[in-house]
Amino acid sequence: MERTSYRSTMRACWISSATQSLMVVYVPLLFLHFQKEFGITLSQLGILIVMNFGTQFMMDLFAAHYAERIGIRFCLVMSNAMVVAGFLGLVILPSLMPPFAGLCISSVLYGVGGGLVEVIVSPLVEACPSDNKVASMAFLHSLYGLGCIVIILASTLFFTLFGLERWRWLTLLWLLVPLYNMFNYMRVPLPPSMSGGQAGLTVGQLIRMPIFWLMIGLMMLGGSIEVAMAQWSSAFTEGTLGVSKSVGDLFGACFFATLLFVSRTLYGRLTIRFDLNSIMLGSSLIGIAGFVMVAFSPWAWLSMLGLGLSGLSVGVVWPGTLSLSAQRIPNGGTAMFGLCALGGDIGCTLGPAIMGWIAAAFGGNLRAGMCAGLGYATLLFLGLLLLKKVGRRKRYGL
């Protein structure tokens with residue numbers, strides 16, 4: 001089959017990456033409204049986040065073991081179907097049962113879809129013919145950042161024009177995206193390695209490779225930085241730097257997501273000229289500088305610039321680590337990508353939690369919490385140094 005025949009497959013993967021941002025940034029935009037409309041407490045909102053990511057953990061493990069046995073196409077179609085079901089649940093279920101129970105069920109449903117997407121789409125892009133697979137992976141993950149920007153801006157515009165009480169209509173509009181992609185995956189061609197032509201390494205084989213555990217560690221650190229900053233940046237700018245809420249939102253989550261997108265777009269082009277591991281090392285140094293500015297700068301503008309640098313830095317970590325994993329363990333298969341996604345999701349959960357715990361231990365001082373981000377970036381730099389050292393070896397183990 002000609003390379004051009006996979007263009008529709010790549011487009012479907014791009015849409016899936018953008019759809020991931022729906023589950024990360026859209027529902028949290030409604031959290032405060034859920035408190036008012038349904039009487040949901042802050043602790044219950046925290047439970048919703050845990051249920052979403054917890055479900056994704058389980059799906060990462062499930063897909064790593066069974067996706068190839070069940071069928072990659074079936075999993076791709078079901079991933080989008082579950083996101084559609086979850087968003088429909090947000091609209092319907094709180095009116096049919098106790099609201100918190102309805103929201104929990106919805107979180108689990110779209111968590112299943114998100115977990116499947118996360119595991120399968122990256123190896124699918126890796127398997128499609130491409131002149132520069134690293135650039136293809138970078139572009140795939142850059143669309144997550146672009147999706148975050150579009151969803152935040154479009155949702156804010158909708159709520160401004162029509163009111164937050166009409167959030168159900170916007171939710172129905174957003175679910176059209178995964179619904180469309182569900183039908184896409186029913187017909188796009190799949191590469192032989194993703195349609196039963198080849199078998200990758202098993203989980204047991206992977207976990208006996210020391211370099212695989214190094215990749216898991218890098219994914220955890222990347223997830224820790226990415227989600228910690230996405231969740232805490234707006235609160236930091238508003239509460240600690242003393243700027244207005246609108247400025248805090250603009251130079252918090254949206255600024256971070258914008259530079260995350262820019263980073264992933266640029267680094268795909270840089271890998272044509274430079275070694276990927278070296279690019280990531282340089283990026284981690286930028287992240288260290290950014291977190292030093294955020295945590296210790298006495299000037300608000302310099303701290304906000306540091307927030308942007310942290311987004312510019314971490315943008316390359318997730319797709320870059322997946323690309324390095326594919327290079328170092330070329331027959332890792334879906335199991336490898338699934339376990340890497342699991343490592344990333346563990347970081348997504350622990351990273352912001354640790355940052356919050358440190359801030360709380362210092363009397364709610366988010367500058368102290370940001371020191372956790374400095375620790376993540378430093379460990380990331382050391383891990384990449386170790387990877388570069390062992391990268392000259394031809395075999396997979398250390």
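**Exercise 1. Find which residues of H5 and H6 meet, then describe how the two helices pass each other.**

*Solution.* Start with the residues. On the H5 side, look for Val121, Ser122, Val125, Glu126 and Ala127; they meet Lys133, Ser136, Met137, Leu140 and His141 of H6. Keep in mind that you're looking at a predicted model.

Next, sort that contact by class: 5 residues are nonpolar, 3 are polar and 2 are charged.

Now step back to the whole helices. H5 covers residues 99–127 and H6 covers residues 133–162. Their axes come within 9 Å and cross at roughly 145°. As for the handedness, H5 passes H6 in a right-handed crossing.

**Exercise 2. Work out whether Thr55 is buried or exposed, and find what surrounds Thr55.**

Then check the accessibility. The cut-off for buried is under 20% relative accessible area. Thr55 comes in at 12%, so it counts as buried.

Now follow the side chain of Thr55, which reaches the backbone oxygen of Met51 at 2.7 Å.

Last, skip the neighbours within four places in sequence. That leaves Thr55 in contact with Val108, Gly111 and Val112.

**Exercise 3. Compare the reach of H13 with its expected span, then list its buried residues.**

*Solution.* Helix H13 runs over residues 300–314, which gives 15 residues. From first C-alpha to last, H13 reaches 21 Å, close to the 21 Å expected at 1.5 Å a residue.

Definitions and conventions: Residues are numbered from 1 along each chain as its sequence is written. This is a predicted model: local features need pLDDT of at least 70, side-chain atom pairs count only at pLDDT 80 or more; totals for chains, interfaces and linings use all residues. Side-chain values use heavy atoms; hydrogens and water are left out. Helices (H or I, at least four residues) and strands (E, at least two) are DSSP runs, numbered from the N terminus. The expected span of a helix is 1.5 Å times one less than its number of residues. Buried means under 20% relative accessible area, exposed over 50%, partly exposed in between (1.4 Å probe, protein chains only). Axes are lines fitted to C-alpha atoms, for helices over the stretch in contact, and angles run from 0 to 180 degrees between N-to-C directions. A crossing is left-handed if the near helix is turned anticlockwise from the far one by less than a right angle, and right-handed if clockwise. Contact means heavy atoms within 4.5 Å. Ala, Val, Leu, Ile, Met, Phe, Trp, Tyr, Cys and Pro count as nonpolar, Asp, Glu, Lys and Arg as charged, and the others, Gly among them, as polar. A polar contact is a pair of N or O atoms within 3.5 Å; within protein, one must be able to donate a hydrogen and the other to accept it, and residues adjacent in sequence count only if both atoms are side-chain atoms.
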